[in-house]
Amino acid sequence: MRHLVANIATYAIAALLILGSALFAWMRSAQLVLSDEQYTLARYEPAPAHDFEWREVGEHSYASNCQNCHGRDGQGWDQYPGLSDTARLFAAPGGREYLVELHLHGLTSPRWGAPMPSMGHLQDVELAAVLNHVLTHFGNTPPAGTRLYVPEDIARLRGPKRTPWEVNALRPAVQARASGEAAPRGP
Amino acid sequence: MNRVMSGFFWISLYLLVVLVPVFLMLIPPAPSGRSFWLELSVALGFVGLTQIAVQFVLIARFKRITAPYGIDIILQYHRQIAMVAVCLVLAHPLIIVIDNPSRLKLLNPLGGNWASRCALLSVLALVLLVVSSLFRERLKLSYERWRLLHLLLGVAAIVFAQLHVSLAGLYTNTPWKHAIWVVTSAAMVGLVIYLRVLRPAWQRNYHWRVAEVREERGGTHSLVLEPVGNHFMRFLPGQFAWLKLEGTPFTLEEHPFSFSSSAERTDRVEFGIKSLGDFSGRIGDVAHGTRAFLDGPHGAFSIDRYPAVGYVFIAGGVGITPMLSFLRTMADRKDPRPVTLFYADNDWDSVAYREALAELEKQLDLHVVYVLREPKDDWDGERGNLTGEVLDRHLPKEKLARFFFICGPPPMMNAVHEALQERDVPEARIHLEKFNLA
């Protein structure tokens with residue numbers, strides 16, 4: 001009798017554990033949608049290009065989407081690159097598009113252990129804002145006279161899905177700075 | 001609190017305890033959520049880790065936890081839920097890689113980072129744990145070696161898993177969240193130290209000495225222990241204890257044996273031990289006065305837990321020892337309840353304790369039915385295996401009101417269990433002692 005009851009209890013516990021995991025996953029993936037989309041859309045859309053106010057949403061979005069891997073000050077850690085070279089990439093030919101593409105489709109390269117996940121779920125407004133935030137922080141200075149991103153820049157590049165490897169092929173050739181991102185710390 | 005309520009209470013508490021630390025990670029500041037599958041993979045990893053941690057509590061033999069179920073159930077659960085835990089843990093990297101195949105390079109020990117390397121080591125330890133446990137006999141691992149290996153691999157699995165959590169660090173992003181996991185893992189390693197160092201040290205003050213080793217029939221020995229100093233063993237008839245003989249209490253050579261003496265005698269306990277393996281084969285040579293250490297009593301296989309108007313005991317071979325404890329206890333208590341004992345063995349000369357049983361038949365309302373597999377030609381009792389037909393010939397008419405206690409080799413127990421089910425004996429009246437605790 002005891003053994004029978006114990007078997008039933010084990011199956012029940014195993015099932016409830018998996019159910020609990022699924023519930024956790026569902027709540028976590030809900031945290032994603034609720035925090036970003038509603039917040040962004042309610043406050044910043046529609047926004048005409050000439051008065052695109054990105055500073056506040058860019059900072060907020062960096063904190064919730066990027067900071068975990070790239071660090072509070074964009075310094076990176078372990079398998080995650082620092083962001084201090086972003087403006088140089090932006091200035092290189094094709095760099096402007098490359099930065100958007102890698103956010104829309106993710107990026108995999110031999111340079112870093114961890115892949116960049118796709119951020120295509122972010123709204124155009126939020127993606128443009130967070131790119132601008134990075135381009136103006138962490139030691140980055142966008143070249144004088146260039147226009148920063150506006151939401152339309154993102155919308156234009158949303159097209160057929162690319163693989164993270166195809167995105168890597170789009171990377172402009174930039175001379176690596178001595179302390180720059182091309183020196184991963186891992187073996 | 002009755003036993004059913006107590007069981008439900010512990011299962012609910014169990015789920016609460018293992019799931020709460022996972023759900024606490026939802027509390028802000030939480031990192032931004034990711035896709036469902038990625039988060040599910042993380043959740044499975046964390047839940048798997050909690051189940052690994054639980055194993056350490058299960059094997060610590062806390063009587064408060066094991067008493068409602070019996071420690072054989074707890075060890076059965078240990079084996080089952082450990083497999084579940086390993087599956088959950090393996091699903092974690094599997095889903096991560098399927099979600100984004102470029103993460104495959106994290107599985108290369110040279111290509112990943114320290115977080116992924118610790119994860120690999122933890123999984124390696126878990127896989128070795130499973131393999132060495134499932135195939136211990138085929139790998140020709142001795143019980144003691146396996147136990148040491150099991151212990152070390154278990155500690156390695158949880159330590160590296162915790163390092164993986166700490167180094168990956170995404171979810172333990174505040175000190176208090178991190179502390180929950182670190183403290184729990186450290187506590188589990190502490191439990192191992194308690195079980196293998198502190199408790200044996202305490203056991204040293206309560207040791208026993210061998211008063212007598214009596215040879216019984218069929219390669220069985222009665223090992224009689226008396227306490228050294230002012231302590232005793234209060235147990236229920238049918239329970240068992242882990243026995244360490246000779247040497248120090250810190251040895252890993254420890255074996256469970258059923259008490260075969262009366263529960264009314266707490267200052268002189270007896271075990272029936274059949275020469276089967278390495279340890280039990282040497283029992284006959286144990287000298288008087290040898291030091292012994294007991295961890296017990298454990299087990300839920302007892303007539304005192306399940307009172308009934310009468311009993312049917314069914315024993316195969318050395319499975320007679322708990323039955324002997326039942327009968328000797330009943331004799332000491334002058335218990336008038338009727339008992340039928342089925343006792344299966346090889347031949348009449350190897351039937352251990354048959355003289356003692358003859359004595360007990362005079363003192364109790366006891367009827368013993370011997371079933372011999374290879375009897376001599378002049379044997380006029382039951383022959384062959386203990387089948388349903390044998391039960392039919394000897395079971396009293398009012399068998400449904402009696403409780404059945406079965407202990408013997410697994411094939412025999414399964415056959416008898418099935419025969420009783422075919423005869424409509426309610427499951428709640430059938431009690432088995434599955435004596436495979438290794």
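Colleague: Which residue in S6(B) does Arg209(B) stand opposite?
Modeller: In this predicted model, Arg209(B) faces Arg291(B) of S6(B).

Colleague: How do S1 and S6 of chain B pair there, parallel or antiparallel?
Modeller: Antiparallel, over two bridges: strand S1 covers residues 208-215 of chain B and strand S6 covers 291-298.

Colleague: And what's the strand order of the sheet in chain B?
Modeller: S4-S3-S6-S1-S2-S5, an open sheet of six strands with antiparallel pairing.

Colleague: Which strands stand at the edges, then?
Modeller: S4 (255-258) and S5 (269-274) of chain B. Each has a single partner strand, so one side of each has no neighbour in the sheet.

Colleague: How many degrees does the twist average from one strand to the next?
Modeller: The average is 40 degrees.

Colleague: OK, helices. At what angle do H5 and H6 of chain B pack?
Modeller: About 155 degrees, and their axes are 8 Å apart. H5(B) spans residues 114-134 and H6(B) spans 143-168. Angles over 145 degrees count as roughly antiparallel, so that's what H5(B) is to H6(B).

Colleague: Is that crossing left-handed or right-handed?
Modeller: Left-handed, as H5(B) passes H6(B).

Colleague: What residue classes are in the contact of H5(B) with H6(B)?
Modeller: There are 19 nonpolar residues and six polar ones, with no charged residues.

Colleague: What percentage of chain A is buried?
Modeller: 34% of its 187 residues. As for contacts in chain A with a separation of 6 or more, 73% join residues 24 or more positions apart.

Terms used
Residues numbered from 1 in each chain as written. Chains lettered and ligands numbered in written order. Predicted model: local features only at pLDDT ≥ 70, side-chain atom pairs only at ≥ 80, totals over all residues. Buried ≥ 20, exposed ≤ 12 C-beta atoms within 10 Å, placed from the backbone. Contact = placed C-beta atoms within 7 Å. Axes fitted to C-alpha atoms, helices over the stretch in contact; angles between N-to-C directions. Helix = DSSP H or I, 4+ residues; strand = E, 2+ residues; numbered from the N terminus. Parallel < 35°, antiparallel > 145°, perpendicular 65-115°, else oblique. Left-handed = near helix turned anticlockwise from the far one by under 90°. Nonpolar A, V, L, I, M, F, W, Y, C, P; charged D, E, K, R; others polar. Pairing = 2+ DSSP bridges.
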